[in-house]
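Have your viewer open and your selection tool ready. We will walk through the model stop by stop, with a note on what to select next.

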Amino acid sequence: LNHYIAWVRDSKTVTVADRIAQYSTIAFDVSVTDIYGALTTGASLYPAVRRSDRMFPARLVARERLTVWNSTPSVISLMIQAEEMDRKFLGSLRLINTCGEPLLPIHLERVFAALPDVVVQNSYGPTETTVTMTELRLTRDNFRAACRHTVAIGSPIRGMEIVLCGGGHADEGEIAIAGPQLALGYLGDSERTARSFRTIDVDGVAKRAYLSGDWAERHAGYVYFKERIDHQVKIRGFRLELDEVARAIHDQGYAVTCVLKWRDQLAAVIEQKSGVEFDEMRLRAALAQKIDDYAIPSIIRLIDHVPRTQNDKLDREAISAWLDAGEPPV
């Protein structure tokens, strides 16, 4: 943690004049970017204290005139879903930091359409690497170069390294991370520690690394997250990526969507858009133009609010339980 705090302080991305949101709960490691970002620079910290702040985060920005926002990309989806990705709510922001989930090109398109002068810093880092360990600064002028199916995760910060392992070539594989921010291991679980923290070869030097379970590819110098290794499933004999299906639905205007394998079928749970009538047949027809037939979910359900974990990520276990309970479409 000392290494990360030193980087936060030395990166000078936050100043004493900034007003920083603390949207993430303290149970989520990303919250330390808010807390230490403020403590090490003298900036002001504004926690989300009202129940409405969780569902309508843009209103927190407007109320407190915040200048720096840190969150997962799912929270940007919430702003879009609420139709509050708008300068009248977010005009005070100068810096948006995203991490914890893949940032999508549509997120950036909507952000820069509303806030053309804002800077977005995308980052990546599993908890085992002590918060985040990459950075990529994006503006309305340069962001498209870093966009493919997702937005690039950026370059390692000082002292950290990324290696792609186990792919067919050096530019594809599981993300392995080396450097001083690595955890010592899992308390009381030596077997899991040995499985996830291994010695790998980095340019001819043996180094201790964390194997993340994230599959990525390198293209034109950028590293892009592709999928969680454990999110790749087989449907009707075909292997597919759940995140790819979710992106296809997202591209049809449904900002909050979770796709999962449920009872050997592909299911999509979509958050209802207020005041908008859902047309399942139109969605299926649009998906047929984008993805293979076997990748179109056989089950599509609407829900008032897609469940999230304490870390503001989509809660697949809760969504699966909701489907198990036989809830009718909302």
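Two residues are in contact when heavy atoms lie within 4.5 Å of each other. Before you click, note that this is a predicted model, in which local features need pLDDT of at least 70, side-chain atom pairs count only at pLDDT 80 or more, and totals for chains, interfaces and linings use all residues. Residues are numbered from 1 along each chain as its sequence is written, and side-chain values use heavy atoms, with hydrogens and water left out.

**Stop 1: Trp69 and the cores**

Select Trp69 and show what surrounds it. Setting aside neighbours within four places in sequence, Trp69 is in contact with Ala21, Tyr23, Pro57, Leu60, Val61, Val75, Met79, Leu93, Leu95, Ile96 and Asn97. Trp69 is also among the residues with the most contacts inside the largest nonpolar core, which has 47 residues; Leu90, Leu108, Val120 and Leu138 are the others named there. A nonpolar core here is a set of buried Ala, Val, Leu, Ile, Met, Phe, Trp, Tyr and Cys residues joined through side-chain atoms within 4.5 Å. Buried means under 20% relative accessible area, exposed means over 50%, and partly exposed is in between (1.4 Å probe, protein chains only).

A second, separate core of 21 residues includes Leu242, Tyr254, Ala268 and Tyr294.

**Stop 2: helix H4**

Next, select residues 57-64, helix H4, where Pro57, Ala58, Leu60, Val61 and Glu64 are buried. Helices (H or I, at least four residues) and strands (E, at least two) are DSSP runs, numbered from the N terminus. Which way do the buried residues of H4 fall, seen down its axis? They lie within an arc of 155 degrees, so they line one face of the helix; the arc is that of the directions from the helix axis to the C-beta atoms. Their cover includes strand E1 (19-22), helix H3 (51-55) and strand E3 (68-71).

**Stop 3: helix H9**

Move to residues 242-250. Eight of the nine residues of helix H9 are buried, so the rest of the structure largely encloses it.

**Stop 4: salt bridges**

A salt bridge is a side-chain nitrogen of Lys or Arg within 4 Å of a carboxyl oxygen of Asp or Glu, and by this rule the count comes to 17.

- Arg148 and Glu217, at 3.0 Å from N to O. The two are 69 residues apart, with Glu217 in strand E11 (residues 205-219). Arg148 is partly exposed at 36%, whereas Glu217 is buried at 15%.
- Asp171 and Arg218, at 2.9 Å from N to O. Asp171 is in the loop between strand E8 (161-166) and strand E9 (172-178), and Arg218 is in strand E11.
- Glu172 and Lys226, with the closest N and O atoms 3.9 Å apart. Both are buried.

**Stop 5: the three-stranded sheet**

Finally, show the open sheet with the order E15-E16-E17 and mixed pairing. Strands pair if DSSP finds at least two bridges between them. Which strands stand at the edges? Strand E15 (257-262) and strand E17 (299-303) do, each with a single partner strand, so one side of each is left without a neighbour in the sheet. Five bridges join E17 to strand E16 (residues 265-271), and the two run parallel. To find one, pick Val269, whose bridge partner in E17 is Arg301.
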